[in-house]
Amino acid sequence: MLSGKKILIGITGSIAAYKIPFLVRNLIKEGAEVKIIMTPAATDFVSKLTLSTLSKNPVLIDLFDEQSWANHVMLGRWADLMLIAPLSCNTLSKMNSGQCDNLLIATYLSATCPVIIAPAMDEDMWHHQTTDDNLTAVQKRGCRVIPVEFGELASGLTGEGRMAEPETITNFLQSFFKDKDALIGKKALVTAGPTYEAIDPVRFIGNHSSGKMGYAIAEELADRGAEVTLVSGPVHVKTNNSSIEIIKTASAEEMHFACTSRNGFDITVMAAAVADYTPVETKEQKIKKTDDVINISFKKTKDILTELGAQKKEGQILVGFALETEHEEKNALKKLNEKKADLIVMNSLQEEGAGFGIDTNSVTLFYKNGNIQKTGMKSKKLIAKDIVDAISGLLK
Ligand code: CTP
């Protein structure tokens, strides 16, 4: 499972650092390529020579090491994964505040790969509110946490705060890569953002969708190995994932064509807020301010999700969204059945912190088999993980 994986380990100043040589040996045995960065404080607990011998790579400590500049940006890009273990209270705090005073933090701040942390602290520090706040903050930004264990601590006390054992960390990394590569070979179509329906050459009818949720889902699918096509309405949000094919559209008609003229998708996620109605006629010239009241007639657009649901083949997973302001569950279930979706993600505008434009959301997932799952309030990035976990479960 770890064969060929590039793992960058960051070691901080904690007694648990003595376990890292065992972890490095495990990872190398599993076929991983390992590079190591230490904070200066970590060198008091474990030797650089031991680690460089076991990892078969030089160990880096300073931003300027042996008269050369350690390229933290390239290290972060080289890695498939950055593991910070043991993670001290001090480095956790710097990760949250962005205080960049050593190579490890500089690399963390520029890492484009996923980051996993294995904290190690004495029990009272572990339970301190500040630690809890810092941990919650870095988790919200996407860091995964390997839970601390209960047992004998450096202080001589017994309690929570021990770093997970090397075998536990190895197993965690194995299941992380198993999930990460779970969608290799799968093709996915995602829609995101609003649609703009032109009234005349300068005006349109649109909606408040920012595209953040759809883009986060596209990125999560791509991170797990899927080949992703993202059909995007007019949005300001961007993706750094160059593997995602982006098709830009404006109107519901253009989005419909972009989705229905392509096929062979194993996963389809319709996160876009598609206009239900479009003006019957788009004026060729700008409408002048002459009449006191003007009337614009609208006609229904084609429902992309309903059309894809009707054509759905065995084994394909179709996910729709529902934005409801009343009778939420009833309406969501109606969409699930009528649009022949496998899953409906229901957004509610009633919860504070959920909805348009912001970075957080709280959704309810309605499955075809009757299961209902609430995600709770979290970042759209983490909600995207929950949705892709649900899709992976359905594919199994
Ligand atoms: N949808 C679509 N094509 C449309 C309208 C909606 O594919 N022309 C998709 C959306 O992308 C979403 C789902 O259908 O995945 C539900 O959209 P929503 O606006 O909540 O519901 P509607 O079906 O449009 O019904 P209503 O507006 O009456 O709630």
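In this tour, buried means under 20% relative accessible area, exposed means over 50%, and partly exposed lies in between (1.4 Å probe, protein chains only). The model is a predicted one: local features need pLDDT of at least 70, side-chain atom pairs count only at pLDDT 80 or more, and totals for chains, interfaces and linings use all residues. Residues are numbered from 1 along each chain as its sequence is written, and side-chain values use heavy atoms, with hydrogens and water left out.

**Stop 1: the parallel sheet.** Helices (H or I, at least four residues) and strands (E, at least two) are DSSP runs numbered from the N terminus; two strands pair if DSSP finds at least two bridges between them. Show the six strands that run E3-E2-E1-E6-E7-E8, an open sheet with parallel pairing. Its edges are strand E3 (59-60) and strand E8 (144-145), each pairing on one side only. Now select residues 6-11 (E1) and 33-38 (E2), which are joined in the parallel sense by six bridges. Isoleucine 9 has isoleucine 36 in E2 as its bridge partner.

**Stop 2: helix H1.** Select residues 20-29; the buried residues there include Ile20, Leu23 and Leu27. Contact means heavy atoms within 4.5 Å. The buried residues of H1 pack against E1, E2, H2, strand E6 (81-87) and helix H8 (166-180). Just after H1, look at glycine 31, whose phi is positive at about 95 degrees.

**Stop 3: aromatic pairs.** Rings of Phe, Tyr and Trp (its six-membered ring) pair if their centres lie within 6.5 Å; planes under 30 degrees apart are stacked, over 60 edge-to-face, and the rest tilted. The structure holds two such pairs. Select phenylalanine 176 and phenylalanine 177: their ring centres are 5.0 Å apart and their planes stand at 75 degrees, so this pair is edge-to-face. Phenylalanine 176 is buried at 7% relative accessible area, and phenylalanine 177 is buried at 1%. Then select tyrosine 196 and phenylalanine 204, a stacked pair with 3.7 Å centre to centre and 10 degrees between the planes. Tyrosine 196 is partly exposed at 30%; phenylalanine 204 is partly exposed at 43%.

**Stop 4: charges over rings.** A charge sits over a ring if NZ of Lys or CZ of Arg is within 6 Å of the ring centre and within 35 degrees of the ring normal. Select lysine 35, which lies over the face of tryptophan 78 at 4.5 Å from the ring centre. Finish at lysine 187, whose charged end is over the ring of phenylalanine 265, 5.3 Å from its centre.
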